[in-house]
Amino acid sequence: MAPFSTIFFLILLIVPLCSATLGVQYYDQTCPHAEDIIYQTIRNASFFDPKVPARILRMFFHDCFIRGCDASVLLDSTPENKAEKDGPPNLSLGAFYVIDAVKTNLEKACPTTVSCADIVAIAARDVVAMSGGPYWNVLKGRKDGRVSRANETVNLPAPSFNTSQLIQSFANRGLGVKDLVALSGGHTLGFSHCSSFEGRLHNFSSVHDTDPSLNAVFAQSLKQKCPKPNSDRNAGQLLDPTSSVFDNNYYKQIISGKGVFASDQSLLNDYRTGLIVKAFANDQTVFFREFAASMIKLGNVGVLENAEVRLNCRAVN
């Protein structure tokens, strides 16, 4: 086994550890209504577009997993640089316009004060809470990064990952096994296109045409929605039956063999994660508590302190 100092150094190479002094009351003096402004804007947008909550939550994950929680996912590409949002895993991200609206409202109330990185972190909490999930106090004080590279999105965990690959991906960001299982529960909100799971439905292996870990009836329904060949680019599947409600149904689906992604289903059959999946399926209160704790932990990954507060979340100052 490598010595602790070696492992610690390797982690430093992958994602900078948080050295910033984050606090719940960071904007109390400089922008006391910041969280109210963010909440009202997010709530209004979600009323007109029910997809907003799932998209904002996914945006937060994808931001923090690449370069840490620095709003690099919000930067637009330029002629000289292809940004994260144009990397293949992020092409299906949406709701950037909602963050733009939040930033516009905040700039009117408190110019050059609230960072785009904090907006995404607070908005992620708000969409979870307004969808019926837990509420937690978001630590604030992040600054916005100036670097965003599409080729780095290859480091996002893929829906085809097995549990060992997932555990390593999360460990690279200082997150443990319980964080992995809890944060995967974010899939209780939202929808996936066929491309993210069709490998489980057709020509799965030399022995099985369909992934044998899939419930047979569920697999058949997925095949009907995602035939081969599939000409409907919008076809796909809700990630759990109550996809607009933040609850523990996602874990119940996994136990029933109805996890949409291979990565989700793999959590049940691995000794390191299976018991946690069952615990969250059995007790929503426990899941909510652990999800909130893991979101706070994720929000501390790679935080920048000596950087800028963007005036426009899509471009560096």
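Let's start with the disulfides: this predicted model has four of them, where a disulfide is a pair of cysteine sulfur atoms within 2.5 Å. Some ground rules: residues are numbered from 1 along each chain as its sequence is written, and side-chain values use heavy atoms, with hydrogens and water left out. Since the model is predicted, local features need pLDDT of at least 70 and side-chain atom pairs count only at pLDDT 80 or more, while totals for chains, interfaces and linings use all residues.

| Pair | S to S distance | Torsion and hand |
|---|---|---|
| Cys31 and Cys110 | 2.0 Å | 65°, right-handed |
| Cys64 and Cys69 | 2.0 Å | about 120°, right-handed |
| Cys194 and Cys226 | 2.0 Å | -75°, left-handed |

Cys194 sits in the loop between strand E1 (191–193) and helix H8 (216–225), and Cys226 in the loop between H8 and strand E2 (236–238), so this link ties together parts that are 32 residues apart in sequence. The helices and strands named here are DSSP runs, numbered from the N terminus (helices: H or I, at least four residues; strands: E, at least two).

Buried means under 20% relative accessible area, exposed means over 50%, and partly exposed is in between (1.4 Å probe, protein chains only). If you count the bonded cysteines along the chain, the disulfides follow the pattern 1-4, 2-3, 5-8, 6-7.

Next, the annotated sites. An unreviewed UniProt entry carries the annotation "binding site" at His187. UniProt also places a "binding site" feature (unreviewed entry) at Thr188, Asp240 and Asp247. Although these three are spread over 60 residues of sequence, they cluster in space, with a largest C-alpha distance of 9.6 Å. Keep in mind that UniProt positions are given in the numbering used here, feature names are shortened, and annotations may be inferred rather than shown by experiment.

His187 lies in the loop between helix H7 (177–184) and E1, and Thr188 is in the loop between H7 and E1 as well. How accessible is each? His187 counts as partly exposed, at 24% relative accessibility, whereas Thr188 is buried, with a relative accessible area of 0%. Leaving aside neighbours within four places in sequence, His187 is in contact (heavy atoms within 4.5 Å) with Leu239, Asp240, Tyr250, Phe261 and Asp264. With residues up to four places away in sequence not counted, Thr188 touches Asp240, Thr242, Ser243, Val245, Phe246, Asp247 and Tyr250. Asp240 and Tyr250 turn up in both lists.

What about H7 itself? Six of its eight residues are buried, so H7 is largely enclosed by the rest of the structure. The buried ones are Asp179, Leu180, Val181, Ala182, Leu183 and Ser184. They pack against H3, H6, helix H9 (249–255), helix H11 (274–282) and helix H12 (284–298).

Now for the open spaces. On a 1 Å grid over the protein atoms alone, a pocket is an open set of points with protein on both sides within 12 Å along at least five of seven lines, a cavity is a set of points where a 1.4 Å probe fits but cannot get out, and lining residues have an atom within 4 Å of a point. Grid points are joined across faces, edges and corners, and a volume is the space filled by probe spheres set on the points.

The largest pocket has a volume of about 1,400 Å³. Of its 45 lining residues, the closest to the centre are Arg58, His62, Phe191, Leu239 and Phe261. Helix H3 (52–65), helix H6 (163–171), H7, E1 and helix H10 (262–266) each supply at least two lining residues, and H3 gives the most, with eight.

There is also one cavity of 30 Å³ or more, and the largest cavity holds about 70 Å³ of space. Among the residues lining the largest cavity are Phe60, Trp136, Arg142 and Met295.
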